[in-house]
Amino acid sequence: MDYDVLLRGTAPPIVAALLLVSLAGSRMLPLAMAIGLFVAHGLLKEWPALPQDLWSDPNGVAWLMWGMVAAAMLTLAQHLRLLPARVAPGAAAAVAAVSLWLMLSKVATRWSGVDVSLHVGGGSVLVAATMLTVRIVIARRPVASAQAVAVGALLAVVLSIDAALLVLGKSAFLGQLCGAVAATLGAAVFTVVWRRKFTLYAADGIWIGGAHALFVLAGVHLSYLPWWPAGFALAAPFLLLFVPRGFDQARPLRWLAVAVPLVLVPLLVALWLARPEPNLYDY
């Protein structure tokens, strides 16, 4: 393992999350993610091109990063009450559609009209649905409680498994960037040790759900992740809707006992399907 690469990918988001969440509270979590992801991109490979430069020379991974920044800013706007809650779902769907369209703009030039409709149109609906699903899952838990810690920790694990899946899909860089997003959430949850509470808001579902769907779809379209493992991974967050509203809010361990298998089973199946084939001729 290259520990220098690991440090460059995880240190920026961890430091950003620990500082911003500790000093300003959990409302700054999406900003910490955006800063950490941007710096990790720069330290791991190169500083991402600005959007005005990407118009003429598109790069799917760079557009993915800017899409995550847009999702973070939208979440932050809702945290700061600059965006009405009733408008947020529609704005999240717009960010999902534009982010995916830009991310796939280069590869889509080789597709037929049917493929564009399926992968860009259908994918945009999937990303938006994932954002809204994670919003609902978070909203069902008390805002600042042990339940919020449980939900945050579980979602951090989901993003970490996404990162491993992308590496198996032959894109270490995408995996490292997704790992940076997971590290942000994990570090923020860890602040409960000295802050005594961790707050996760429904609006955070925009960037967390967006990260899950966009990175997995990037693994399919921008790398070599097959559709079967991607499909199992993409389905995982939706299974949390089967946990009843208000189920054991005072007992996070019982909630985890139900939620963890629902989410981790399809993710582990995805990892198994994405595993490299054994080389039968390697003596």
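This is a predicted model: local features need pLDDT of at least 70, side-chain atom pairs count only at pLDDT 80 or more; totals for chains, interfaces and linings use all residues.

1. Residues are numbered from 1 along each chain as its sequence is written, and side-chain values use heavy atoms, with hydrogens and water left out.

2. Helix α7 covers residues 146–168, where helices (H or I, at least four residues) are DSSP runs numbered from the N terminus. Its 23 residues should span 33 Å at 1.5 Å a residue, and because its end C-alpha atoms are 33 Å apart, the two values agree; the expected span is 1.5 Å times one less than the number of residues. Just after α7, K170 takes a positive phi of about 70°.

3. Helix α7 packs with helix α12 (residues 252–274) at an angle of about 5°, with the axes 10 Å apart. Here axes are lines fitted to C-alpha atoms, for helices over the stretch in contact, and angles run from 0 to 180 degrees between N-to-C directions. The angle makes α7 roughly parallel to α12, a term used for angles under 35 degrees, with over 145 counted as roughly antiparallel, 65 to 115 as roughly perpendicular and the rest as oblique.

4. Which residues make the contact of α7 with α12? Among them are A150, L154, V157 and I161 of α7, together with W255, L256, V260 and V263 of α12, contact meaning heavy atoms within 4.5 Å. By class, this contact has 21 nonpolar, one polar and one charged residues, where Ala, Val, Leu, Ile, Met, Phe, Trp, Tyr, Cys and Pro count as nonpolar, Asp, Glu, Lys and Arg as charged, and the others, Gly among them, as polar.

5. The axes of helix α4 (residues 60–79) and helix α5 (residues 88–103) come within 8 Å and cross at roughly 170°, and α4 and α5 are therefore roughly antiparallel to each other. The contact includes W63, L64 and G67 of α4 and A91, A92 and V95 of α5, and its classes are eleven nonpolar, four polar and no charged residues.

6. On a 1 Å grid over the protein atoms alone, a pocket is an open set with protein on both sides within 12 Å along at least five of seven lines, whereas a cavity is a set of points where a 1.4 Å probe fits but cannot get out, and lining residues have an atom within 4 Å of a point. Grid points are joined across faces, edges and corners, and a volume is the space filled by probe spheres set on the points. Of the 17 residues that line the largest pocket, P58, N59, G60, V61 and A62 are the closest to its centre, and α4 gives the most to the lining, with three residues.

7. The second largest pocket holds about 160 Å³ of space, and of its twelve lining residues the closest to its centre are R27, H79, Y201, A202 and A203. Its lining divides into seven nonpolar, two polar and three charged residues.

8. There are two cavities of 30 Å³ or more. About 70 Å³ lies in the largest cavity, which is lined by residues including V158, H212 and V263, and its lining has eight nonpolar, two polar and no charged residues. The second largest cavity has about 40 Å³, and its lining, which includes R140, R141 and W255, has five nonpolar, no polar and two charged residues.

Notes: Helices (H or I, at least four residues) and strands (E, at least two) are DSSP runs, numbered from the N terminus.
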